[in-house]
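Biologist: Can you take me through this structure? I'd like to start with the pocket.

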Amino acid sequence: MRSLLRPVAALAVGFTTTTYAFSASTSFCAAAPHVPYISSKTAAAIDVSLMNPSASPAYTLPQLMELAGLTVSTAFHKTYPPSSHVLVFVGPGNNGGDGLVAARHLKLWGYDVTCVVPKLKDAFFEKLRKQAEDCGCEIITKEPREGYASLLTPSTVIIDSVFGFSATGPPRAPYNDIVPFLHSTTAPVMAVDIPSGWSVDSGDVNYTNYAPDSLISLTAPKLGSKGFKGRHWLGGHFVPKRFEAEFGIKVDGVYEGGEIVRELTPGGEGGEDVDGYSVVYVTAPNGDLAQVIASELVKSKTVACVNIIPAVKSVYAWKGNVEVDDEVLMMIKTRKERVGDVEKIVKKLHEYETPEVLVVGVEGGSKEYLKWLGESVDKRK
Ligand SMILES: NC(=O)C1=CN([C@@H]2O[C@H](COP(=O)(O)OP(=O)(O)OC[C@H]3O[C@@H](n4cnc5c(N)ncnc54)[C@H](O)[C@@H]3O)[C@@H](O)[C@H]2O)[C@@H](O)CC1
Ligand SMILES: [K+]
């Protein structure tokens, strides 16, 4: 049988992960850059530099907030369907301003939007509120008699734009009602820059157990979000590349193909990233042999699962002829780091001299499935 001599096909479609790997959801073409986390002090210094009137880019506050708010709404749109009701909690600083801008964009994209705006800093913020209202966002200025929970519908997703990188200490009124509500609600939350109530530098040190469903980090992820387990987006395409050298952040190569956000850790608990998983295709001459190989792979915890697809017909070129074989196809799911071990076991048990081993990267998957996949495969020793 000529397939005995079929050359090994070992093509890795994904790319090597770096210290901090991105989701491959946008592209498999470029190597994933490492994205460092920054302190609240660095975040504040970046803010000052972005708006320094005597040095480029010399953004004005309204310009920067528009960019940040559009970034927030883009991350939201990539995470939640337009059928969602969006409930935005607006804080007293620029984090709140980002929320108001995002509310306007989301309304324009067809979301049903309610903003809770207990306080406004100045005329500029008042203008942001009015723009959101004029677009059709509902504005609420104080807690309803029945509590904030009465604003929730089955489709509500909350945007937490209460506190950003400048907040310190326990929340003061009127946010001392809002922040505990955020910490206790079961509705999904997207946090802007940092979950409100977390330390910007150290995370959930107050044991609030507040775990938003998703996070959009602006310019660079903050140190406190290192342990964040939900979907984590980064947005800061508007930051000049020279800031990489000045502040140790990463901008170049992060935003590809017209995108203004990039997903960081799409995995579930443990921060597993999808770049860490592969699917391996192996053909076999019959189901019995495929089952022997599959059982060994699963039993040794080298892989999580093998689907054996019966009765595939393989048509391939061989020495100038078109060959046709009846085979079965194994679809093997494992950690990327175990692909070499998969190949060893396949070669040990296979009848073919050079069996097909074709590796493709995993582009995405449900949080729960990826978690199970990670738990079912031993890490490489
Ligand atoms: N890094 C950057 O360059 C950018 C930052 N942006 C946003 O700006 C945010 C930072 O904005 P701000 O510096 O205005 O800071 P915050 O949005 O964190 O808000 C600070 C405000 O909260 C009040 N506050 C602080 N602690 C409080 C407490 N415990 N209880 C009640 N009130 C409290 C302060 O008096 C101040 O009015 C970021 O998190 C991000 O969302 C973006 O708009 C644009 C880019
Ligand atoms: K926040």
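Biologist: How do the residues lining the largest pocket divide into nonpolar, polar and charged?

Modeller: They divide into 24 nonpolar, 14 polar and seven charged. Ala, Val, Leu, Ile, Met, Phe, Trp, Tyr, Cys and Pro count as nonpolar, Asp, Glu, Lys and Arg as charged, and the others, Gly among them, as polar. This is a predicted model, where local features need pLDDT of at least 70, side-chain atom pairs need 80 or more, and totals for chains, interfaces and linings use all residues. Residues are numbered from 1 along each chain as written, chains are lettered from A and ligands numbered from 1 in written order, and side-chain values use heavy atoms, without hydrogens or water.

Biologist: What sits in the largest pocket?

Modeller: Ligand 1 does, with more than half of its atoms within 2 Å of the pocket's grid points. A pocket is an open set of points on a 1 Å grid over the protein atoms alone, where a 1.4 Å probe fits, with protein on both sides within 12 Å along at least five of seven lines; lining residues have an atom within 4 Å of a point.

Biologist: Which atoms of ligand 1 pair up with Ser166 and Thr168?

Modeller: An oxygen atom of ligand 1 is 2.5 Å from a side-chain N or O atom of Ser166. For Thr168, a polar backbone atom lies 2.7 Å from a nitrogen atom of the ligand.

Biologist: And Phe165, backbone or side chain?

Modeller: Backbone: an N or O atom there is 3.1 Å from an oxygen atom of ligand 1.

Definitions and conventions:
Polar contact = N/O pair within 3.5 Å; in protein donor to acceptor, adjacent residues only side chain to side chain.
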